[in-house]
Amino acid sequence: MTIINRDKLKLLHQREAARFVAEHPRSADLYRRAQGSLLGGVPMNWMKKWAGEFPIFVTHAKGAHFTCADGKDYVDLCLGDTGAMTGHSPDVVAEAVARRAREGITLMLPTEDAIFVGEDLKKRFALPYWQFTLTATDANRFSIRIAREITQRPKILVYHYCYHGTVDETFATLHDGVVGPRRGNIGPPVDPLETTRIVEFNDLNALEDALKHNDVACILAEPAMTNVGIILPDPDYWRNAQQLAKRYGSLLIVDETHSICAGPGGCTAEWKLEPDMLVFGKAIGSGIPGATYGCSEEIAQRISARIHLEDCDVGGIGGTLAGNALSLVAMRATLEHILTTANFKKMVPLAERFNDGVAATIKKHGLPWNVQRLGCRAEYTFCQQPPRNGGESAAAADFEMERYLHLYTLNRGVLLTPFHNMALMCPDTTAADIDQHTLLFAEALSELTT
Ligand SMILES: Cc1ncc(COP(=O)(O)O)c(C=O)c1O
């Protein structure tokens, strides 16, 4: 098994960092200027975490490619961390949005597009009723509120190292088996021990022990974890977990925001899951802000029994712009024309191609790494076997290695997703795009290991 020479890794990273700065003078200028008006020089704090010394500023993005302020073209395997899994600005969505933008953007009144979208979601996910928010974070927060309200239970259950957006209760991990704030948790409003139970993914005994307290309103889960590597469930995991949830009176909220990569109906349709509620954001409007949450007939009835007309505007589920006409027209065009079976048939084989190329390279260099796939999403992690839970995956993190590999490919025209080694395919991604990554990945490893 090859052992990485960490000194060499440092030197190579320094070389790539210098090249990045030298080749992006215009982005460097813009970043300097941004220091004067944007906190930290970026519009959102996590944009500082890209592999280079500053983020590259973008001028244009279409399909699977974008161009930066220095005029360089990139293959985009990040695709806005799923927001642009549809490809950047698909024509059909851009045209529908442009039309709607001239005809009224937000009214606090419904448009017919909302019904089209509800009907489509009903078919995709086999849940009858839908509501809209601006972000998947909000859709998760509102689903949790509803679960607490209708079960009258105080706690939620999530998986160790999950990510569901900036939802307070989910910003927690296990510390020697005890729930505590996740590292870096900024100003937690309450100790998550009070709100949250956490178990490792794929551990049914731990799940049952946690549910046995009869105080868990809901399990909020990605059907396959996608934010700490890709972690697939054991073959019988969800059948058993669903039974446990029912037995102990906890609802199951499935967050398909990333796992929609598994197919047009996400893992829910692929694996015939039967969640009580379902959340789907990011790609649903091709990147136009919007998200949705849906529920079963039974949950709908329980909601109606507890939420009254007089209070429904101030009950903690809201958002003035939620369900606006522009978001809904973007969702309609996206669902009707982009997130289709035909497009998934193009995207999934490309992710297989990515996996095959990366797996062969890892093997050739004798590295104890693996690559995993879920539909049109693929990701490699720095451990021999695909991780089975968040703890295993987090333990294999290698920040320095990640930055080297990301910067190496970025300097040569391929963007990976920051904060993990994820590659996503859109309908416009080509085999040549994937082969470009495979070649660069192989070159980066050759330089490191020879
Ligand atoms: C599974 C999952 N759910 C929800 C979210 C939150 O999405 P947003 O940041 O758009 O609210 C994310 C974000 O990465 C996510 O990965």
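In the predicted model described here, the axes of helix 4 (residues 112-125) and helix 10 (residues 325-337) come within 9 Å and cross at roughly 40 degrees, where axes are lines fitted to C-alpha atoms, for helices over the stretch in contact, and angles run from 0 to 180 degrees between N-to-C directions. Helix 4 is therefore oblique to helix 10, given that angles under 35 degrees count as roughly parallel, over 145 as roughly antiparallel, 65 to 115 as roughly perpendicular and the rest as oblique. Helix 4 passes helix 10 in a left-handed crossing, a term used if the near helix is turned anticlockwise from the far one by less than a right angle, with right-handed used if clockwise. Helices (H or I, at least four residues) are DSSP runs numbered from the N terminus.

Residues are numbered from 1 along each chain as its sequence is written. Because the model is predicted, local features need pLDDT of at least 70 and side-chain atom pairs count only at pLDDT 80 or more, while totals for chains, interfaces and linings use all residues; side-chain values use heavy atoms, with hydrogens and water left out.

Helix 13 (residues 399-410) packs against helix 1 (residues 6-23) at an angle of about 40 degrees, with the axes 9 Å apart, and these two helices are therefore oblique to each other, their crossing being left-handed. Helix 13 also packs with helix 14 (residues 431-449), at an angle of about 130 degrees and with the axes 9 Å apart. This angle makes helix 13 oblique to helix 14, and the crossing of this pair is right-handed.

The ligand is surrounded by 13 residues, of which Thr 137, Asn 227, Asp 255, His 258 and Lys 282 are the closest; a residue is counted if one of its heavy atoms lies within 4 Å. This shell divides into two nonpolar, eight polar and three charged residues, and helix 5 (residues 136-151) gives the most to it, with three residues. Oxygen atoms of the ligand lie 2.6 Å from a polar side-chain atom of Lys 282, 3.1 Å from one of His 258 and 3.4 Å from a polar backbone atom of Ala 136. Taken alone, the ligand exposes 390 Å², of which the protein buries 85% (Shrake-Rupley method, 1.4 Å probe).

Terms used: Polar contact = N/O pair within 3.5 Å; in protein donor to acceptor, adjacent residues only side chain to side chain. Nonpolar A, V, L, I, M, F, W, Y, C, P; charged D, E, K, R; others polar.
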